[in-house]
Amino acid sequence: MARRAYVKVIARHDEQGKVRPLEVEWEDGRRFEVDKLLDVRRAAALKAGGQGMRYTVRILGKETYLFEDEGRWFVEAKE
């Protein structure tokens, strides 16, 4: 099973309340720009448990899920 790895996110909030993640900072301090936002929906984090808004993003050419739950951002990380 995966674990929740909480990350720092720089995001843009527009006047309609939409949130767009722009940059993610991993636990080890590395920073990655979000190349493209592909999808946003309420969904469960099946591997790490819990639910929230799931952002499907492309970072360095790879698709990944970025979750926002009550103001905290996390990714599903391998244990």
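Which residue in S7 stands opposite Arg4? In this predicted model, the residue of S7 that stands opposite Arg4 is Glu76. The pairing of S1 with S7 is antiparallel and comprises five bridges.

These two strands belong to an open sheet of seven strands, whose order is S3-S2-S1-S7-S6-S5-S4 and whose pairing is antiparallel. Strand S3, residues 31-33, and strand S4, residues 36-44, stand at the edges; each has a single partner strand, so one side of each is without a neighbour in the sheet. On average, neighbouring strands of the sheet are turned by 40° against each other, with direction ignored.

On its other pairing, S1 is joined to strand S2, residues 19-25, by six bridges, and the two strands run antiparallel. Within this pair, Lys8 has Glu25 of S2 as its bridge partner. S1 and S2 form a hairpin with five residues between the strands, and in this hairpin Gly17 adopts a positive phi near 90°. S7 also pairs with strand S6: residues 62-69 of S6 and residues 72-77 of S7 run antiparallel and are joined by three bridges. Here Phe67 has Phe74 of S7 as its bridge partner.

The largest nonpolar core contains 13 residues. Those touching the most other members are Val7, Val9, Val24, Val57, Ile59, Leu66 and Trp73. Two or more residues of this core are given by each of strand S1 (3-13), strand S5 (51-59) and S7. Val57, one of the core residues named above, has contacts beyond its neighbours within four places in sequence. These contacts are made with Pro21, with Val34, Lys36, Leu37 and Leu38, and with Lys62, Glu63, Thr64 and Leu66. Leu66 is likewise among the core members that touch the most others.

The largest pocket has a volume of about 280 Å³. Its lining is made up of 14 residues, and Trp26, Arg30, Phe32, Thr64 and Val75 are the ones that lie nearest the centre of the pocket. S1, S6 and S7 are the elements that give two or more residues to the lining. The largest share, three residues, comes from S7. Thr64, one of the residues nearest the pocket centre, is also in contact with Val57.

Note on methods:
Residues numbered from 1 in each chain as written. Predicted model: local features only at pLDDT ≥ 70, side-chain atom pairs only at ≥ 80, totals over all residues. Heavy atoms only, no water. Pairing = 2+ DSSP bridges. Helix = DSSP H or I, 4+ residues; strand = E, 2+ residues; numbered from the N terminus. Axes fitted to C-alpha atoms, helices over the stretch in contact; angles between N-to-C directions. Core = buried A, V, L, I, M, F, W, Y, C linked by side-chain atoms within 4.5 Å. Buried < 20%, exposed > 50% of the residue type's maximum accessible area, 1.4 Å probe, protein only. Contact = heavy atoms within 4.5 Å. 1 Å grid on protein atoms, 1.4 Å probe; cavity = no way out; pocket = protein on both sides within 12 Å on 5 of 7 lines; lining within 4 Å. Points joined across faces, edges and corners; volume = space filled by probe spheres on them.
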